[in-house]
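Trainee: I am new to this structure. Could we go through some of the terms used for it, and the grounds for each?

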Amino acid sequence: MKATGIVRRIDELGRVVIPKEIRRTQRIRQGDALEIFTAPDGEVIFKKYSPLVELREMAGIYTEVLAKSLGTPVLVCDRDVIVAAAGLPKKEWLDTTISTALERLLGGRSLYAATADPAKRLYPREQCDRIVLCAAPIIVQGDVEGGVCLLGGAHAAAPTSEQTRSVGTAAAFLARWMEE
């Protein structure tokens, strides 16, 4: 564990402020869930909680079926990292950080379909040769928990209505599963 040299006091209600620098570097935003662990030596550890990480295996199976059905790579991400991928080298993609543009897109809460204009294309990760053909946010109890994305090559055509519908269905399925 890395020491930061920052000390904070607990207030009368038991609250402690996580410094802005740590929130920024760890991508902790208002409303994010944190899991709390304790160690025998008295350490208290806060870890970002992602319900999609808990569903990694099931999301992985879903992405494999969808990728085979549509014939193009598919990924599932939470609000920070890719948690499942199919049609792509998993070692290169899993647990990598998503692009800021994709994070913003999912936060917009609407289905996205790429246009034919290459200047308006969106990338799933920074410095990536793949583009997002379509993406659907996974919305659970009003909160965006992540998304399902269909990927294509840099010169891929706009997605078909079947592809867009399939991605939307996958996101709705995962959202419903997370609500149970």
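This is a predicted model: local features need pLDDT of at least 70, side-chain atom pairs count only at pLDDT 80 or more; totals for chains, interfaces and linings use all residues.

Mentor: The protein has six helices and seven strands, in the order α-β-β-α-α-β-β-α-α-β-β-β-α along the sequence.

Trainee: Why are α3 and α6 called roughly antiparallel?

Mentor: The axes of α3 (residues 56-70) and α6 (residues 161-179) cross at roughly 165°. Angles over 145 degrees count as roughly antiparallel, and therefore the two helices are described that way. Their axes come within 11 Å, and the crossing is right-handed.

Trainee: Which residues make the contact?

Mentor: On α3 they are Met-58, Ala-59, Tyr-62, Leu-66 and Leu-70. On α6 they include Ser-166, Ala-170, Phe-173, Leu-174 and Trp-177. By class, the contact of α3 with α6 has nine nonpolar, three polar and one charged residues.

Trainee: Which residues form the aromatic cluster?

Mentor: Tyr-62, Phe-173 and Trp-177 form one aromatic cluster. Rings pair if their centres lie within 6.5 Å, and a search of the whole structure finds two aromatic pairs. Tyr-62, Phe-173 and Trp-177 are also among the residues in the contact of α3 and α6.

Trainee: What makes the charged end of Arg-125 count as sitting over the ring of Trp-93?

Mentor: Part of the test is distance: CZ of Arg has to be within 6 Å of the ring centre. For Arg-125 and Trp-93 the value is 3.8 Å. The other part is direction, within 35 degrees of the ring normal. The charged end of Arg-125 is accordingly listed as sitting over that ring.

Methods: Residues are numbered from 1 along each chain as its sequence is written. Side-chain values use heavy atoms; hydrogens and water are left out. Axes are lines fitted to C-alpha atoms, for helices over the stretch in contact, and angles run from 0 to 180 degrees between N-to-C directions. Helices (H or I, at least four residues) and strands (E, at least two) are DSSP runs, numbered from the N terminus. Angles under 35 degrees count as roughly parallel, over 145 as roughly antiparallel, 65 to 115 as roughly perpendicular and the rest as oblique. A crossing is left-handed if the near helix is turned anticlockwise from the far one by less than a right angle, and right-handed if clockwise. Contact means heavy atoms within 4.5 Å. Ala, Val, Leu, Ile, Met, Phe, Trp, Tyr, Cys and Pro count as nonpolar, Asp, Glu, Lys and Arg as charged, and the others, Gly among them, as polar. Rings of Phe, Tyr and Trp (its six-membered ring) pair if their centres lie within 6.5 Å; planes under 30 degrees apart count as stacked, over 60 as edge-to-face and the rest as tilted.
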